[in-house]
Amino acid sequence: MRDVDRLRGWPAVLNEGPVGLRPLRLADVRVWRETRLRNAEWLRPWEPSNPETPLFRTGLGPYISMVGTLRREARQGLALPWVVTYGGRFAGQLTIGAIVWGSARSAQVGYWIDGALAGQGITPTALAMAVDHCFFTTGLHRLEANIRPENQASRRVVEKLGFREEGIRRRQLHIDGAWRDHICYALTVEDAPGGLLVQWRRAREAAAHGGSPVEEV
């Protein structure tokens with residue numbers, strides 16, 4: 001069976017209240033560029049030093065190249081490239097990438113959010129939807145998120161969703177001018193009985209009714 005045949009449920013549009021996920025498309029080019037440039041300082045410490053998707057170029061070429069690569073990987077069963085939306089408007093990106101099939105059925109997750117929208121629970125909601133889709137529709141077994149130790153906001157996202165910390169990956173990625181260590185967080189389908197979104201909803205509802213507080217990120 002080809003990898004593309006295994007990628008069930010793509011393209012996919014997912015929604016939870018005002019938070020949505022939809023496939024990345026070429027028509028997002030101008031809002032993507034404007035959002036990235038406006039958030040350059042917010043994103044710089046966490047962004048891989050990748051010449052294909054620079055933060056500061058004003059041309060459209062880098063985005064068009066990125067979309068072409070991600071759409072090709074989606075057709076090959078290697079990625080699920082989503083846009084995060086809030087109230088129907090562009091809010092960031094969430095990509096499930098580096099998908100490995102066979103006996104592994106694993107992937108890596110990466111995401112970024114417009115700093116103007118941080119603190120509203122958008123990112124964990126989007127990630128919970130993506131995880132459920134990957135586990136229960138696409139058929140993946142394990143997801144990893146590798147995060148710089150200094151990136152407290154991103155670490156809180158995965159920790160509150162129940163991702164396990166599995167150790168340090170030394171000098172894993174070139175970011176902001178140097179090779180940086182990352183903490184590996186992981187989750188398997190056995191860790192999300194009934195779905196991660198259901199667990200996240202319950203946590204937020206409990207906090208709203210006086211239970212343990214849930215810090216929004």
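Trainee: In this predicted model, which residue of E6 does Ser106 stand opposite?

Mentor: Ser106 stands opposite Arg142 in E6.

Trainee: What makes E5 and E6 a pair of strands?

Mentor: Pairing requires at least two bridges.

Trainee: Why is E6 called largely enclosed?

Mentor: A residue is buried if its relative accessible area is under 20%. In strand E6 (residues 142-147), 6 of the 6 residues are buried, so the rest of the structure largely encloses it. Arg142, Glu144 and Asn146 point one way, Leu143, Ala145 and Ile147 the other way, and all are buried.

Trainee: What kind of unit do E5, helix H5 and E6 make?

Mentor: E5, helix H5 (residues 122-138) and E6 make a β-α-β unit, and it is right-handed. That term applies because, with the strands pointing away from the viewer, the path over the helix runs clockwise.

Trainee: How do you know that the buried residues of H2 lie on the same side?

Mentor: In helix H2 (residues 29-38) the buried residues are Val29, Trp32, Thr35 and Arg36. They cover an arc of only 140° around the axis, which puts them on the same side of H2. These residues pack against helix H3 (40-43), helix H4 (61-75), strand E4 (89-100) and strand E5 (106-113).

Terms used: Residues numbered from 1 in each chain as written. Predicted model: local features only at pLDDT ≥ 70, side-chain atom pairs only at ≥ 80, totals over all residues. Heavy atoms only, no water. Buried < 20%, exposed > 50% of the residue type's maximum accessible area, 1.4 Å probe, protein only. Helix = DSSP H or I, 4+ residues; strand = E, 2+ residues; numbered from the N terminus. Arc of directions from axis to C-beta. Contact = heavy atoms within 4.5 Å.
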